[in-house]
Each structure stands twice: as C-alpha cells, then as structure tokens.
Amino acid sequence: MIITKHIRWLHLTLFISWLLSLQSGFILADNTAKKALFKPLTKPDKSLLKNQLQYTGEHLSLNFQDIEIRNVISLIAEFTQQNIVAGDDITGTITLRLNDVPWDEALDFIMMTQGLEKFQSGSVTLIAPIGKIKEYKEQQEETAAVIEQLEPLETRHIKINYARAENFRNLLNGLDAGQFGSCGIKSTTNTNTPNPYSANSAFNTPSLNNPSLTNSTLPKISKNDTFKILSARGSAVVDARTNTLIIRETQKRLAEAAQLIQKLDVPVRQVMIESRIVIASHTFAKQLGVRFGVAGTNAAFGNSSGAIGSVNSVGGTTGSINGTAVLNDALVDLAATNPYGQLGMTLAKGADYVLNLELSALQDQGKGEIVSNPRVMTTDRCNAKIKQGTQEPYQSGSTATTPANIQFIDALLELDVLPQITPSGSISMTLIISKNEPNYTLQKKDQPPPLTKREVETTVQVMDGETVVLGGVFENSKTSIINLVPFLGELPVIGFLFKRTITTDDKKELLIFITPKIIKDNAASN
C-alpha cells in the first residue's frame, strides 16, 4: 500500500511516499520504506504560492450579508489593532464569506470590489475612493506652498572650506557644479572660441579650462529643478574673498542646504604623476677602403717637376700631357672617407715607375641616453598640465622689397593628465605626453622647421606607487654598402684590393614610463 503526501514549498512540490509492506519477510525492521520525489510547480501552483507569500497578516474568517463597508473596515481594524481611517465618502454594503484568510488579503479584495484605495503614512492607513488620495496630496502640497510663502526668511553665512562657494551656489539652484576635469580653473584662452568645459549659467560663472584631452564637445552645465533646494523666494550669493556662501531662505530649506554642504564640503585627495621619457641610441659605423696606382719619376708639370710619387695640390702625381694637364696616378681610388688610420706601401718598383698601395679604415661607435622627467601634482578628477621647452624662430614672407617676418614655433616637452582615484586605491588616468624637437636639416625656405614628434595619448589604470610602461618605439637601421671594380673586386684573395666596404648599424629606442602616487593627507595621518 502506498500513501503519498503533497507538500508545496517555494517553487517545488515535494511528494513523500510511504511504502507499507504486508509481507512478514520484508528486509526493513520497521516494514517501512520512504522516498522523496521532486518536480517543478505548475502555473496554478505558482500563482497560489505567490499570493500566499504576498500577504503576511493574521488569518481571520468573515461571514456577512449586506453589511456596511465602513463596519467591515472597523471590524478589521479592531481585529488587527491597526490605525485605519475611513473617509465619509465610503458608502455601500457588501456580502462576503471569507474563511481563514490573511486580513490584509481580505482588505485588498474588499477595496477592489468597492473601488477603494489606501495610503500608508507611518502607522496610519487611509482608505478612500480611487482618486481621492491624489486630491488629498495635491491639497496638502498647496497648503504647504502657501505656508512656505508666509514663513519668514532667515539669513545664514556658511563658510566653504575645501570647495569653491560658486559651485555650491550652482548646486542649490539645481545646476551642475562643473564638468569632469574642470575643477573651476579660469580659462586663459580666446573667449571667442567655444570651450567644452565652460560652466556658463545664469550667474555668469567663469569659463573653465579646457584640458584638450578629447576632441568631442561636452555638454554645458545643465539645470534640474528636481534637485533645486532654494525656493522662488530664496537666494544665494558668494563672497569670493572669504569663500563664504550667504543664503537667505526659510528655516526648513536652510537646514537642507546646510546638510548638503556639510556632506559635500570635504577635502579631495591629491595625486602626484611622474613620467619618464627615455630615448636610448646606439650607433655603429665601419669603413674599409683601398687605393693604389702607378707613379712616374720626374714627371714635368709646366715648369716644375717632382720626385717619384710627389703629389701636387690638385691630387695625383705631377705629370704632363703636352704640358697642359695633370695625370692622376691612382688606378683604384676606393679609400675610406676621413679615415682614422692609413697604411701606405710600395708593392713594386721598376724602370721609372712604382706601384703604390694605401689601406684606410675607420670605425665609429656611440651610445647615448636622453631622459626627460616631467612631474605634476593635481587634485583627484582635476586636469593638470606642465610644459617645458623653447619657441624656435624662423623667417617667412621675405621678398625683394619686403623684409622677412620673424615667427615662432613651439618645441615643447609636455605632460597633460586627468587622474581619477578609484575606490580600490588604483588611479585611472587619461594622459597626453609629448616631446617635440625641431629638425633644421629638413627646413625649407620661409617655412617653419619640421618637428620630430614623440607623443603618446592613452587611458590607463595603475595601482598607487606602481610604474607602468605606456609604450615604446624601437628603430633599427642597418646598412651595408660595397663599392668595387667590376670583375676585379670579385676575384678571390686579391679582390679586396678593388673593393670598399661601408657598414652601419643604428639602434634607437623610445620608452615612456608613468608612476602615479596618492598624496596622503597629513591631517588624516595625524
């Protein structure tokens, strides 16, 4: 015999079955086996369960015929010891039979059938026809507005310690205090140029500095009357000299303004951003060359003559062809350019001529490293910029009748950063780091010298005190040049006598490092 018990719990139905054995030889001592089966609830089961979880009131039973609605509400209030108020406009009768249901579920169904609604305020519940509660609230707001118009105004002076009083004035009037990265820095740029970080408002707030971190135009300061604290009668002015906010308002709104200022007027952490721009170079150059040729003895040049191998100022051994020209005695002239070492020798001598050989060589090797270390400190979420460099002059617009104009081009080392401290202690930064140098070798007439630019623009997140490599550029230039006499330079063993070899290997690397550090507050540490 199987007996099954259904238990509904959350979203599952639990089936517990007892198998009762009628055989005397059943292996269980108590002749009973238990098993549990689970299956998902059906839609009716879920609906029933949802309704059961929604109402948590004490269960009651009601059985009335043609009873006044007000009396039913009074009975429920008496049963539950709840503070329930029913208006005079609640009329009508109802017939109901409820058996063991939560009282709050019973009240909801009664209101549903009679077109009523309720409003909970503290421990008191108001029941009225649908739409009446909205009217009550509107009347209450109108009454409060009239009372506020009659309430006397008070004046309070609030000293702003860490922020700008102008920003708090904007907040009290429902305006944004400023855009991300602005920090209230006054603009020094042309006023005719639109500034995406400007904080223009009805109070003629000064324009804010444009960090130039993005090309997109940010929205101007917006107004939201929902967050406006000052009433139509209230006003707020700023004493910039003492950074004091003077507010004239009702007592209630003054308390709200003071609470807002107390919460927001707190010190903001500062960040030191240190960057290092490293330019490392390694150059290597090697040349091997040879020169050899035939020289004559006592060759005449005009009215002069010289010994074997004598050289005139033009080059080559003095000689003459009908006394009018210079004979160059070099058969192969592949010497190194400005060599650091030379070796000359005579290979053969016979009759009136000699065979001369000259070996030349040079090798250059250089290593260099240029380190630039700009650093700047700023407040959290405030843009900072530091520059260092020169203005390079150049001439332009010169003609035969017009003198040249002297103009300037900036060659700067610049760090532009906008940091933001995260709750985890890391620092998110938007960075522009650049190092520009003029290149006069490529300059054209009446044109500014072109700039050799080294620049990185990125957004990175770094832990406090850690160093990260933002980027790097590695350049490697290898050149191998061979000058030779055709055929002769390719001969084995003696081919080097007709050949010049030039080898260069230049390496250059650019690395940019960034290290942010959060400045600890001395007051907090003490």
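This is a predicted model: local features need pLDDT of at least 70, side-chain atom pairs count only at pLDDT 80 or more; totals for chains, interfaces and linings use all residues.
Helix α5 is followed by G174, which has a positive phi, near 80 degrees.

Staying with α5, how many of its 8 residues are buried? The count is 7, so the helix, residues 165-172, is largely enclosed by the rest of the structure. The buried ones are A165, E166, N167, F168, R169, N170 and L172.

The loop between β10 and β11 holds N243. N243 has 18% relative accessibility, and because the limit for buried is under 20%, N243 counts as buried. Its side chain reaches the backbone oxygen of A163 at 2.8 Å. Beyond its neighbours within four places in sequence, N243 is in contact with K159, I160, A163, R164 and A165.

Next, the cores. Which residues have the most contacts inside the largest nonpolar core? They are I273, M429, L431, I433 and L470, in a core of 22 residues. The elements giving two or more residues to this core are strands β12 (270-296), β20 (405-421), β21 (426-438), β22 (451-463) and β24 (499-519). Take I433 as an example. Leaving aside neighbours within four places in sequence, I433 is in contact with S275, I277, E414, L415, R454, E455, V456, L470, I512 and I514. Another core, of 18 residues, lies apart from that one, and its members include L62, I73, L96 and W103.

In general, nonpolar side chains in soluble globular proteins tend to be buried together. On the surface here, though, there is a nonpolar patch formed by L343, M345 and L347, with about 260 Å² of accessible area together. L347 lies in strand β16, residues 341-350, and counts as partly exposed at 45% relative accessibility.

D66, in strand β4, residues 59-68, has a positive phi near 55 degrees and is not a glycine. D66 counts as exposed, at 53% relative accessibility. Where does F487 lie? F487 is in the loop between β23, residues 468-484, and β24. Its phi is positive too, near 70 degrees, again in a residue other than glycine. At 60% relative accessibility, F487 counts as exposed.

Key
Residues are numbered from 1 along each chain as its sequence is written. Side-chain values use heavy atoms; hydrogens and water are left out. A nonpolar core is a set of buried Ala, Val, Leu, Ile, Met, Phe, Trp, Tyr and Cys residues joined through side-chain atoms within 4.5 Å. Buried means under 20% relative accessible area, exposed over 50%, partly exposed in between (1.4 Å probe, protein chains only). Helices (H or I, at least four residues) and strands (E, at least two) are DSSP runs, numbered from the N terminus. Contact means heavy atoms within 4.5 Å. Patches are made of residues with over 30% relative accessible area and no salt bridge: like charges are joined within 9 Å, nonpolar side chains (Val, Leu, Ile, Met, Phe, Trp, Tyr) within 5 Å. Accessible areas come from the Shrake-Rupley method with a 1.4 Å probe; for residues, only the protein chains shown count as cover. A salt bridge is a side-chain nitrogen of Lys or Arg within 4 Å of a carboxyl oxygen of Asp or Glu. A polar contact is a pair of N or O atoms within 3.5 Å; within protein, one must be able to donate a hydrogen and the other to accept it, and residues adjacent in sequence count only if both atoms are side-chain atoms.
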